[in-house]
Amino acid sequence: QHTATELLRACERDEFVVHYQPQVDARSHALTGVEALVRWNHPQRGILMPDQFLDVADGLGVVKEIDRIVFRHVARDMLDWQARGLDMPKVAVNVSSKRLHDPALVHDISASGVDPARFCIEILESIYLDDTNDVVRWTCDQLSEMGTKIAIDDFGTGHASIQGLLSLAPDILKIDRTFIAPILDEMTKATLAHAIVQIGRCLDIEVIAEGVETLEHARRAAELGCDILQGYAFGRPLDAQALLRHVTGTG
Ligand code: G
Ligand code: G
Ligand code: NA
Ligand code: MN
């Protein structure tokens, strides 16, 4: 209740900050992009993580608004990095179901001042399977036309269907970290990760391993065929300034 009022105020005043986590090429470990992750900078409680407020926000119907605010931060940070000499190849932005149904999403991306091809939209498996209505279809078609990538997040944890993959034709699959964490010790999980990679190859979809926590995991995930790696082994989510320093090795 308390949080609800505060969250509405947070949207009005924009109390959100965006952190960025590196994604790297599985072979060279060169930076390929970052994922944008929202945090709520609560005036009394400090930085709050998505799992501490996104459910409440969803209940209030303001997740779409938060996603829109986050995108504004991301576009601003992209332009700011560019001005400081960091040409960020790609930023992946998480998009809720409501936001995917919002025609303004396409407009916001095309009017951001940043090349739309530098954005990737991350959607959950459950979203595209439940809600492939006309608006979503139109949105995805528009995004593809503009060069914006579409990634399926947490792949393997929802109602994965090959039919769904064929119909949405995403550019990227992100293997959920619950499959990546055990790849060093559990042959079954490693084999499953490899099977997902093969599905990706068959459909010309890039595969990202999430939750790559050690260089051993990185080596194994690369061996299993993952194209891109993301996880603590290559950096935790950092604010825009810290990410710039992390990437350019300055400061
Ligand atoms: O770092 P982490 O706790 O940030 O993020 C947890 C989850 O919160 C992510 O997996 C993602 O699904 C969700 N999330 C993070 N940022 C956003 C955002 O800007 N919008 C939406 N809708 N979800 C987000
Ligand atoms: O998939 P989502 O969009 O849910 O993924 C981002 C979440 O994963 C964020 O909460 C982020 O902080 C977390 N995360 C990123 N890298 C790692 C990692 O290497 N290990 C673990 N356990 N979590 C990670
Ligand atoms: Na994500
Ligand atoms: Mn994920």
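1. Basis. Residues are numbered from 1 along each chain as its sequence is written, and chains are lettered from A and ligands numbered from 1 in the order in which they are written. In this predicted model, local features need pLDDT of at least 70 and side-chain atom pairs count only at pLDDT 80 or more, while totals for chains, interfaces and linings use all residues.

2. Ligand 1. The surrounding residues (C-beta, placed from the backbone, within 6 Å) include Leu-37, Met-49, Asp-51, Asp-67, Asn-94 and Pro-237. β2 (31-42) and α3 (63-83) each supply at least two residues of this shell, and α3 gives the most, with three. Helices (H or I, at least four residues) and strands (E, at least two) are DSSP runs, numbered from the N terminus.

3. Helix α11. Within α11 (residues 215-223), His-217, Ala-218 and Ala-221 are buried (20 or more other C-beta atoms within 10 Å of their own, C-beta atoms being placed from the backbone). Because these buried residues fall within an arc of 100° seen down the axis of α11, they line one face of the helix; the arc is that of the directions from the helix axis to the C-beta atoms. After α11 comes Gly-225, with a positive phi near 105°.

4. Strands. β2 pairs with β4 (residues 91-94) in the parallel sense over three bridges, pairing requiring at least two DSSP bridges. Ala-36 stands opposite Val-93 in β4. β4 and β5 (residues 119-124) also run parallel, joined by four bridges, and Val-91 has Phe-119 in β5 as its bridge partner.

Terms used:
A residue is buried if 20 or more other C-beta atoms lie within 10 Å of its own, exposed if 12 or fewer, and partly exposed in between; C-beta atoms are placed from the backbone.
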